[in-house]
Amino acid sequence: MKTVADRRTKIETGTGAELWLHMYRQMTAIRLFEEQVNELYTRALMPGLAHLYVGEEAVAVGVCEALTPEDYITSTHRGHGHCLAKGAAPDRMFAELLGKEAGYCKGKGGSMHIADPTTGNLGANAIVAGSTGIATGAAFSAKQLGTKQVAVCFFGEGALGQGVLYEVMNLAQLWKLPVIYVCENNFYNEYTHYLETTAGDIQARAAAFGMPAESVDGQDVRAVHAIATRLVERARRGEGPAFLVCNTYRMRGHHVGDINREYYRSKKEEQEWGDRDPIKRLGDWLIKEKHAGAETLHDMESEIRREMEAAVKFAVAAAYPGPEEVDQDVYA
Amino acid sequence: MPEIATKETTREITFAEAVREALAEEMRRDSRVVILGEDVAEAGTPFKVLSGLVEEFGTQRVIDTPISEAGFTGLAVGAAMTGLRPVVDIMFGDFITLTMDQMVNQAAKVHYMSGGKWKVPMVMRTTLGAARRSAAQHSQSLHAWFSHVPGLKVVLPSTPYDAKGLLKTAIRDENPVIFFEDKMMFKMKGPVPLEEYTIPLGVADVKRVGTDITFVATSSMVQVALAAAVMLEEIGISAEVIDPRTTWPLDEKTLVESAKKTSRAIVIDEGYGRYGVTAELAAVIAEGAFFNLDAPVKRLGAMHVPIPFSPPLEDATVPNEQMVFDAARKLCGRS
């Protein structure tokens, strides 16, 4: 398997375009995955709801590309992007979203609980800040067992309201654990602007524990990746945890059914953030720097679209778990 | 109870020593076992249950945490998923409220939600039981809460022998196990084999054989039931005492078979009766032994009040042997 380190060597020797094209591909895959999810919901093919990651792709991709396959992540209810960026296969993701046996969790988890040990994914979590302990515990194991793994804890700015986050950040800094707390500030705690829920300064909260607390433009995958790489390598060297705020925007609603959003945010605001689309931004840069032509990017998008359509087809055709599965796996 | 025959193979140790021995043996056996909690290292906990462990295993494995029950319990869940076997110490059972999301929404569900891919082999040790004059926030018996949740196992040892054997099994279990220790029992002595042994979870123990009435008693209430049985013997009533030892997995068969044999049953548990462990165990007996019962199944639990501080008030909230004796006599038509 090609490693992140391989790619970074290439950047340093002047052939880094491969990495940025890879990231463009990953971000586009997440975007097109989510469009299919929305379509499945609209066509009433998907049970329940899903929380789309559209607009935030640069965070998951920029961070996960700084990790090795063995490194850990924990994710959130808005987790499809993290799971894909860490290496999940779209067909098994869709199968899970549809509650099928072929899904990552045999259909028992669904959209909000994708977990996959083979890609270091400790699980998406539907309790806000619910995975902060798990991520910190994975970092604790890594340190205790000397594995050199790093754990990344993704959470939205809504998790800043939960006390357990601060409890585990305190533990992580006391014990110099290799964990990166990645706060995706997408502006909205569900339907409430974060300024109505968050006193003071976000970074200052983490800085108070004595850990590096940084902020980055979450629509710029190159910036996210650069800073994530630095923090991850620092953690891997045993220098402890870090906190990274990625300022981004949830371009869609809280969930697929949240269509009429005027009561909590303006169309103008959505339009402004739409102009800062992270995928378009990287694409424009790739073209400007002559790393890729528009046609290459367009062809890549078409190819991914076909892959996603095939993955959906697989999931729709896949079988539901048999009724005998219902009480299996309660205990190990 | 298994035969613990000779002085050569057993010795008398306290409940606290039994717990400590179980931890020490499992920590020697498996380097992945670590202890996390408040004042667990040099202090050995306020109850001194863990005294000496840090000297043998060091502060890398017997780890003092901040006063952050949710934080270190959550950390233990993640550590258990990724290769360690943490034993977290929650000083008082009342503080499990602070860990509820970590245990109920995380630890209990990880295995099922991931389709069986991630496991959480962790133990939470905590306490139950009133009568220490510690008032309403340090005296509760809240084991029913965890017993209610699929994915968790709940252990309630009532003797030093059971405590050691069950804790060793709990640490080796691949699931989250909550281990409740009665605070009043730490100094209680009992025979414990010198040889290594384990006790499986989900196997009830007949603490006393009898023919006229079955007492199903847990944890702190086992000794109460045994004392009541002695009193009853004097008036010619033979009581059998069954200790389920684990509320989940639950050895329904042993409970039901005993009730079928004696035709009467009283369930005694220090948790609140309302929607509690006594309710569940009574229902199991009623469903399983209905046609053999000569009387309704009776329940005795903690009085439905916050545990009061004042000694005479506190004592009134917990079932005692006189209450069990009176209830049994009445149930046997001897009032």
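A polar contact is a pair of N or O atoms within 3.5 Å; within protein, one must be able to donate a hydrogen and the other to accept it, and residues adjacent in sequence count only if both atoms are side-chain atoms.

## Basis

This is a predicted model, in which local features need pLDDT of at least 70 and side-chain atom pairs count only at pLDDT 80 or more, while totals for chains, interfaces and linings use all residues. Residues are numbered from 1 along each chain as its sequence is written, chains are lettered from A and ligands numbered from 1 in the order in which they are written, and side-chain values use heavy atoms, with hydrogens and water left out.

## Interface of chains A and B

By the polar-contact rule, 16 residue pairs connect chain B and chain A, both residues being at pLDDT 80 or more. Salt bridges (a side-chain nitrogen of Lys or Arg within 4 Å of a carboxyl oxygen of Asp or Glu) number zero between chain B and chain A. Contact (heavy atoms within 4.5 Å) involves 43 residues of chain B and 40 residues of chain A. The buried area, meaning the accessible area (1.4 Å probe) that two parts lose on being put together, summed over both, is about 3,200 Å² for chain B and chain A, with 65% of it on carbon and sulfur atoms.

Helices (H or I, at least four residues) and strands (E, at least two) are DSSP runs, numbered from the N terminus. On the side of chain B that touches chain A, at least two residues each come from β2 (33-37), β3 (62-64), α3 (69-81) and α4 (100-113) of chain B. α3(B) gives the most to this side, with 10 residues. The side of chain B that touches chain A has 18 nonpolar, 17 polar and eight charged residues. Here Ala, Val, Leu, Ile, Met, Phe, Trp, Tyr, Cys and Pro count as nonpolar, Asp, Glu, Lys and Arg as charged, and the others, Gly among them, as polar.

## Domains of chain B

Between them, domain 1 of chain B and domain 2 of chain B bury about 2,100 Å², 56% of it on carbon and sulfur atoms. B:Arg133, B:Leu156 and B:Ser158 lose the most area in domain 1 of chain B to domain 2 of chain B, together 27% of what that side buries. Four salt bridges are counted between the two domains of chain B. B:Asp162 forms a salt bridge with B:Lys207, with the closest N and O atoms 2.6 Å apart.
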